[in-house]
Amino acid sequence: MCAAENILEEPKCLLSEKQLESIYYLSSEDYRPLPQKPRDRLDSEQVPQEGQEIVEIELASQFYAWLSSPTEIGSADGSQAEVDLLTHFLRQESYCTSIISKTDEILSILYQLKEKYHSVSEKTNNLHETCESLLRKQTDLTEKANQIEEMLQFFTVLSSIESPNFKDSEAFLLRFNTCLNSALLMVKEGIKNSIRQVVIEIVELGDAISPENSFILLYGRFRSQASRIRSLMQLMESRADKSPRYRDVIAECQAYYLTKREALVIPVARASIADLTSKYSGDHCELFRTTVSFMLHMVEDESLLFWRYFESQETVESSQVGKNPPSFESMLTNLCSCVYDALRPFLIHVNHIEILMELCDLLVHEFIEDKPAANPNVDLAVFENMCRTLLADVQQRLIYRAHVHIKSQIHDYEPSAGDITYPEKLEMIEQIASSLQQQQQQQQANDGDVQSNGEAERKISSSSTDFHGMWYPTVRRTLVCISGLSRCLDVKAFQGLAQNCLSACIESLMVAQKRIEARRSTSDGQLFFIKHLLILREQSTPFNVDFRVRETSLDFSNIKSAAYQAMPKLGLKIFDFNRANHLLRLLLLEGPTVVDTDVDSRRQLDRHLKVTCEAFISASVTSLTGQIGSLLDKAKVQVSQHPVLGAPNQLRDEVSAAIRLLSVSESNSSSAANTLAVIRHKLTLYLGNTNTVAIILRPIENGVVKLWRKLAATIAEHYSEEERMVIACPTENQIRLFFHANRSLSTYLVGFSLEWLLDRQDVLKYRAPDLKKLGSEEEYQKIMIFFIDVIQAFGKSVEVRQQVIATASVYFRRFFGRTSLKSIDPWLMAPSCLFLASKVEEYGVIQPKSLIAACCKVVNNQYSKYFKEYTYPYRTHDVFECEFILMEAMDCSLIVFHPYRPLLQFCDDLRPQLLDMADELLSRAWSIANDSLRTDLCLHYPPYLIALGCVQMALVSLARNPPASSGNIHDHHSLYFSTQSSINPLVIAEQWFSELNIDAEKVLEVVRHLLALYDLLDRIDMENEMPVLLMQKMPHPVVQQPPQQQAQGQQGASRAIDGGNGGGAATSHHKRMGQAMPTHHMPPPPHPPPNAAGGPPM
């Protein structure tokens, strides 16, 4: 072994690494033993067992095969390390294979990159050579241009050639004109050839033009030639004012272009429109929208392409809309006529007026008024004319179909059995609303939610008149038709159609009234008619047009009368041609008279409403008085008899029966069909509105009282005192109690919510932190009065109605009634309340910027004496955030009911007793109601109690100082405490208040609050007390001050708003009773003139 190693280490017999590795591998001890040399097997040797293999090796190939083959011995002798090593070698082999494959990929990519590099390099060289050749050509062209300019210098002497002083001027002019004509001819032919070549290229494509590539082929190829032609056209346009020949060439080129363009574009446009009409044939609105939009884009593209060819450089630089030449407008007209011709057949087959209304809105709002041109430099006059022509056709079709619709669907409407099931339909809706309300109340009782009771009642207690589905079908159709026609037609056409539609609706209602009267009763038919006439009058008022037309007719009455006069005088002179022939005189001198008649549907509606109401009132009075009317008629006839009205006992029974008609309650009204309870229930069921019911009940009450007054006078005249005691005829006041006792002031309670009637102890509990810092309740009320006046000043500055200011004042009181003054700055809450009130009262949203500007101006002008260096720190985003806080604090209960409406009704009830003093009573009570906003009355009492307190104070004021006195009628405080006495208003007040079913103590509490307010206003010193209260005592919220620059900017902005005038007196705090805050746009004024008739409308 050592000898072998020495041989291997000899330098003369060096082996390679592979050979050395093989030798080492074969000489290892763990390698399997080499097979012995094969020999002949003796017979005595044991035969190998089955499964054993004897390998015989004689050749080198057999040896290598045996070496590489796995054997049982090898596997048996092998170890786990060899298996792991083999697995590792296999993984390494796969890894090397993947590296080799990735290397091959990288080499192929590098080869491709090399090829691309050679290609780019070759192209770059070619481009460089091309640029050099272009530069050489440019140099050559520049030299030629300089030569041409040198030659053209001779043409600048044209004016000198035209001078007659030169001998050969005519010859030179002739040559010049010849050259000019040749040049213009060459230019013209060049332009025509360019246009012709483009047209030929497009025509050769033929069927290859499709909607997808039409724009590229029709416009892209023409635009490619625009730059070359446009340079020539600009040259001629610049010289058009020098010679008419330039203008003729320009016009001829334009005509040639437009002729070729029209022949090329119009077939494509018609094909595209035909595809659109076939695609949207079932949807007329979408068909009109897509087709007209398609034509709009085509007109824009044609205009832009035309001006690319023929627009002058001055027009391009000025960016003004170029006026289209007449030839181009003719071409656009022919193009737009494709749309008109395609849509006209669809239009004349539209029968539904709703579709026609939508088409009118579409054309007006999308294509005529709001011009959707992508390029403002495009003149769309031709397209607009086409749209107006389409609109006129649509309106004409709409007018015709509207007449047909009115005739068939309204005038000739045949009501079904379900349409005239009155009052069953209304009773069903009432029962459904009542059941829903009961379910809601039970659910709230189970959940323990007591505070949201009022809100739930407001949501569910909706009258049947609020459901549009309960209206008669012709009324719904009439209002829908009028609403659609008002926005689609001009005033004159709409006025005639609206009059016709309203008249047809009234006639259909009359037919339904007769059928309801035949089915149920006369009163049901009358109330049905009244209900829907009121709906028509209310819904037709916002259109602000006269539903009146003038009809012209011929009156032949004069011919008829003249003929009757001439017949006896004819005699034998019938054939004489002179003045004695009466027949000839009749034919020649007499003729029909043209009569113009104004037909006003609104007056017709009011007339029918008045007649029906009078009939219902008369029938109701007759039914409620029983036999009293017949007794009075009997008394007129039997004046000579002693018992004019019959025996006292018999008369007592008649009187008792009539009284029972008034006193039967609703629970027992089923037995009596014509009682007061039944009539009131029917009025409420049909009309729903409490005010309307009260308006109709008032004349019924007056009529019943009038008959009872006559009966009482007749009984007092013809019967003794003992007989009158037996008859027991009630007085006028007792009869009126039947009408007012059941109401229990429900007429004056217009949906008031009890949610915001707060207990005084709860309010004091919320105010406890503020009162602790301020010191007393009086100081707190001074602050509230101050900020209510601030709201008044802000509202006056932005010019809103007094009702908006009143609502804002109530919001302000409600918010700080449950929160502290330090939660939100009152200077921010005041404009926020005003901003929210303008939305709720539907006055129109005040612009936030205008509101903030007004606040800054009011603070700087009116309150500068209180706060010398104060500037208003809040902006619009603060108002928006405060508005959400205010709505959350009030739980979105935003509807506010003021005492003004019940105050008007109370004054109307007192008008018959006060006569001429009623207007003065309303004025003084109205002023006191305005002053009530400075107190907490809106938090503790409903509006009708506040109104009653104002009426009581106004009546006492009238008693102390009537309007005819010489005192100062504008000083209500002095009027109230005047020493003059007049017992008439006080007597009327005592009698009137005794008839009301109210708590008198509550009214006295309201009066005490108002007197305390006027006493506080007398003692308050605004100039000295308010700065201390607002700046030192009042709790202030933590407000993040704006940066210094922002404050300076705001100060400058406020100075700009004020216009530099810092003057202006502070708000005058009214210290006298009745000096109300000024009313803005809300009648009446605080003190109307004595002769003013009636109260203010609401």
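These legends walk through several views of a predicted protein model.

View 1. Residues are numbered from 1 along the chain as its sequence is written, local features need pLDDT of at least 70, side-chain atom pairs count only at pLDDT 80 or more, and totals for chains, interfaces and linings use all residues. Side-chain values use heavy atoms, with hydrogens and water left out. The protein chain holds 44 helices and two strands; helices (H or I, at least four residues) and strands (E, at least two) are DSSP runs, numbered from the N terminus. Of its 1098 residues, 40% count as buried, meaning under 20% relative accessible area with a 1.4 Å probe, protein chains only, while exposed means over 50% and partly exposed lies in between.

**View 2. Where to read with care: residues 72-77 and 449-466.** The predictor's confidence in each residue, pLDDT, runs from 0 to 100. Its mean over the protein chain is 75, and 72% of the residues reach 70 or more. Residues 72-77 have pLDDT below 50 and, beyond near neighbours in sequence, zero contacts in the model; a contact means heavy atoms within 4.5 Å. Residues 449-466 are also below 50, but this stretch has 29 contacts beyond near neighbours in sequence. Where pLDDT is low, the predicted coordinates should not be read in detail.

**View 3. K425, a buried lysine with no salt bridge.** Look for K425 in helix α16, which covers residues 424-447. The nearest side chain of opposite charge, D419, is 5.0 Å away; Lys and Arg count as positive and Asp and Glu as negative, with His and the chain ends not counted. A salt bridge needs a side-chain nitrogen of Lys or Arg within 4 Å of a carboxyl oxygen of Asp or Glu. Not counting residues up to four places away in sequence, K425 touches G418, D419 and M470.

**View 4. Aromatic rings that meet.** Rings of Phe, Tyr and Trp (its six-membered ring) pair if their centres lie within 6.5 Å; planes under 30 degrees apart count as stacked, over 60 as edge-to-face and the rest as tilted. The count comes to 24 aromatic pairs. F222 is buried at 0% relative accessible area, and Y257 is buried at 1%.
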